[in-house]
Amino acid sequence: MGSDLKYEVAQNAYIKLVLHSLKHPTSAVNAILIGRVSPSNDAVEVTDAVPLFHSQIGLLPQLEISLILIEEYFSAKGLNIVGYFHANERSDEYELGGVAKNIGDHICRYFPQAPILLLDNKKLEALKTSKDSGAIVQLYVRDAYKNWKLVQSDGSSRFSLKEPSANLVLLDYISSEKWNDIVDFDDHLDDISKDWLNPGLFN
């Protein structure tokens with residue numbers, strides 16, 4: 001796997017990430033990306049996402065517990081933890097902060113090529129009017145010195161949505177306030193009857 005590794009995100013994983021952010025618009029939220037390396041070994045395929053926290057997201061004990069449970073569940077299905085998603089607390093924050101970088105570094109222990117996807121608040125706000133098919137997240141990867149760098153989006157982008165219509169489906173879910181149905185690990189720790197796998201979300 002070279003330094004030009006590509007990242008492809010499935011529609012349901014992408015929608016789950018954004019809905020989790022919309023459910024907690026005044027909080028920083030985060031999630032774990034689940035997937036596999038492509039058979040051709042040149043791409044990371046993100047097939048699912050697990051919403052983590054919306055309060056005190058930098059606490060390591062809760063993170064460790066969640067990662068153990070997530071890894072245990074998905075490894076049995078031939079999938080792995082392959083990345084990290086972060087949405088900033090304030091809608092006018094556009095940079096990748098220290099907490100996000102630290103958790104991203106931690107995820108790289110599981111998967112050295114793990115990216116961080118940062119919600120792009122400007123694109124999220126514009127989505128309702130623009131009907132743009134481009135992802136409303138920014139891709140960050142670690143360079144040779146283990147510093148997180150923003151990968152610029154361009155025609156030969158290293159990041160793509162598997163289904164080009166993902167934003168149209170997302171807009172439908174936004175209009176029906178589907179974010180109310182999202183369960184994250186915070187919710188599960190408060191009430192273990194709430195399933196962090198969100199099995200019925202897209203039914």
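**View 1. Lys146 sits in the loop that links strand S6 (137–142) to S7.** Helices and strands here are DSSP runs, helices being H or I with at least four residues and strands E with at least two, numbered from the N terminus. The model is a predicted one, in which local features need pLDDT of at least 70 and side-chain atom pairs count only at pLDDT 80 or more, while totals for chains, interfaces and linings use all residues. Residues are numbered from 1 along each chain as its sequence is written, and side-chain values use heavy atoms, leaving out hydrogens and water. The phi of Lys146 is near 65°, a positive value in a residue other than glycine. Most residues other than glycine have a negative phi. With a relative accessible area of 55%, Lys146 is exposed. (Exposed is over 50% relative accessible area, buried is under 20%, and partly exposed lies in between, with a 1.4 Å probe and protein chains only.)

**View 2. Glu177 is found in the loop between helix H5 (166–175) and helix H6 (185–190).** Here, too, is a positive phi in a residue other than glycine, near 55° for Glu177. Its relative accessible area of 45% makes Glu177 partly exposed.

**View 3. Eight strands form an open sheet with mixed pairing.** Neighbouring strands are turned by 35° against each other on average, direction ignored. (Axes are lines fitted to C-alpha atoms, for helices over the stretch in contact, and angles run from 0 to 180 degrees between N-to-C directions.)

**View 4. Strand S1 (residues 6–9) pairs with strand S3 (residues 43–51) in the parallel sense.** Four bridges join S1 and S3; two strands count as paired if DSSP finds at least two bridges between them. In this pairing, Tyr7 stands opposite Val44 in S3. Helix H1 packs on the sheet, touching S1, strand S2 (29–37), S3, strand S4 (80–87), strand S5 (116–119) and S8. The direction of H1 makes about 40° with that of S3.

**View 5. Ser21 belongs to helix H1 (residues 11–23).** Is Ser21 buried or exposed? At 7% relative accessibility, Ser21 counts as buried. A polar atom of the Ser21 side chain lies 3.1 Å from the backbone oxygen of Leu17. Leaving aside residues up to four places away in sequence, Ser21 touches Val29, Phe85, Ala87 and Leu119, where contact means heavy atoms within 4.5 Å.

**View 6. Strand S4 is mostly covered, with seven of its eight residues buried.** S2 and S4 run antiparallel and are joined by seven bridges; Ala31 stands opposite Phe85 in S4. S4 and S5 run parallel, with three bridges between them, and His86 stands opposite Leu118 in S5. From S4 the chain passes through helix H3 (residues 98–110) to S5, in a right-handed β-α-β crossover. (Right-handed means that, with the strands pointing away from the viewer, the path from the first strand over the helix to the second runs clockwise.)

Methods
Polar contact = N/O pair within 3.5 Å; in protein donor to acceptor, adjacent residues only side chain to side chain.
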